[in-house]
Amino acid sequence: MKKLFVTLSIGDKYVKEYESLFAPSQRAYAKKFDYDFKIIDEFIYKKIPHNDTISFNKILAFCQEWSGQYDYIAFVDADIFINPDSPDLIDNLSDKTKVGVVDEYSQPTKDLRIEVQKMKGWETSAKDYYKLAGFDLDTESVINTGVILADPKIHGDMFKSIHYKHVLSSIGHYRYFHFEQSAIGYQLQKNNLCEFLDNKFNAVWGIHKLSKPSLNIENFAERNYFTHLAGKTNFEKVPDLNKKFGFK
């Protein structure tokens with residue numbers, strides 16, 4: 001089985017930040033489970049090199065000429081720290097014809113997540129989350145696109161179609177990166193194409209921290225597999241994580 005671990009970091013400033021903070025744990029994970037490793041450091045779709053479209057380039061990783069040589073591709077955001085004791089993503093995908101993702105809206109639990117939403121004055125249902133981006137979807141789950149596991153031969157064309165259908169709409173969209181996440185999540189859920197993995201594979205630190213301010217990030221990273229520091233939440237703590245887990 002040939003596997004690829006790929007992340008996205010465009011711009012010298014962001015590549016340097018990634019290499020310093022998150023690359024050590026991600027490279028170690030790829031090496032441990034025999035994944036090839038790749039950083040997408042420039043726009044794949046070069047016709048629209050707009051900052052608002054950067055996150056849409058992630059799904060193009062599944063439909064390039066080089067993608068076809070792999071049985072599975074694991075895309076992981078460049079702000080995710082990986083516990084060295086984490087298991088292989090692929091071993092946790094029971095239906096290999098589906099796309100492996102994580103439900104953000106069940107973190108920390110479904111009820112506690114709604115409490116966080118109310119506290120912050122955000123939307124209070126997964127259905128409303130998608131509706132804010134213009135998608136009508138009857139669901140209780142919100143896919144966080146920070147981790148996507150898929151067979152490019154099965155799903156490459158589907159991801160390509162999502163990109164080209166929605167990439168222009170992302171420019172100047174008031175939902176920012178939530179629009180990309182909504183477009184992908186809508187397509188996957190509407191067509192029953194996803195399998196939800198254990199939340200430990202994409203544990204969104206900021207949401208858990210809002211729910212329980214007393215949480216310690218080192219203990220959190222120890223309890224989870226992939227700690228997602230979305231929104232640059234506590235990036236200053238990552239050097240300590242690298243030290244604690246033996247990456248530096």
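## Overall size and build

With 248 residues, a compact globule would have a radius of gyration near 18 Å, and the protein chain in this predicted model agrees, because its own value is 17 Å. Along its principal axes, the C-alpha trace spans about 45 × 45 × 35 Å.

As you look around the model, you can pick out nine helices and nine strands in the protein chain.

Of the 248 residues in the protein chain, 53% are buried. The accessible surface comes to about 11500 Å², and carbon and sulfur atoms hold 48% of that area.

In soluble globular proteins, nonpolar side chains tend to be buried together. Here, the largest nonpolar core has 39 residues, and those with the most contacts inside it are Val99, Tyr130, Phe159, Ile162 and Leu188. Several elements each supply at least two residues of this core, including strand S1 (3-8), strand S5 (99-103), helix H4 (126-132) and helix H5 (152-166). Helix H6 (177-190) is also among them, and H6 gives the most, with five residues.

What is leucine 188 in contact with, leaving aside its neighbours within four places in sequence? Its partners are Val99, Val101, Ile143, Met158, Leu193 and Cys194. One of these, Val99, is also among the residues with the most contacts inside the core.

Key: Residues numbered from 1 in each chain as written. Predicted model: local features only at pLDDT ≥ 70, side-chain atom pairs only at ≥ 80, totals over all residues. Heavy atoms only, no water. Helix = DSSP H or I, 4+ residues; strand = E, 2+ residues; numbered from the N terminus. Rg over C-alpha atoms; globule rule 2.2 N^0.38 Å. Buried < 20%, exposed > 50% of the residue type's maximum accessible area, 1.4 Å probe, protein only. Areas by Shrake-Rupley, 256 points an atom, 1.4 Å probe, with all protein chains shown as cover. Core = buried A, V, L, I, M, F, W, Y, C linked by side-chain atoms within 4.5 Å. Contact = heavy atoms within 4.5 Å.
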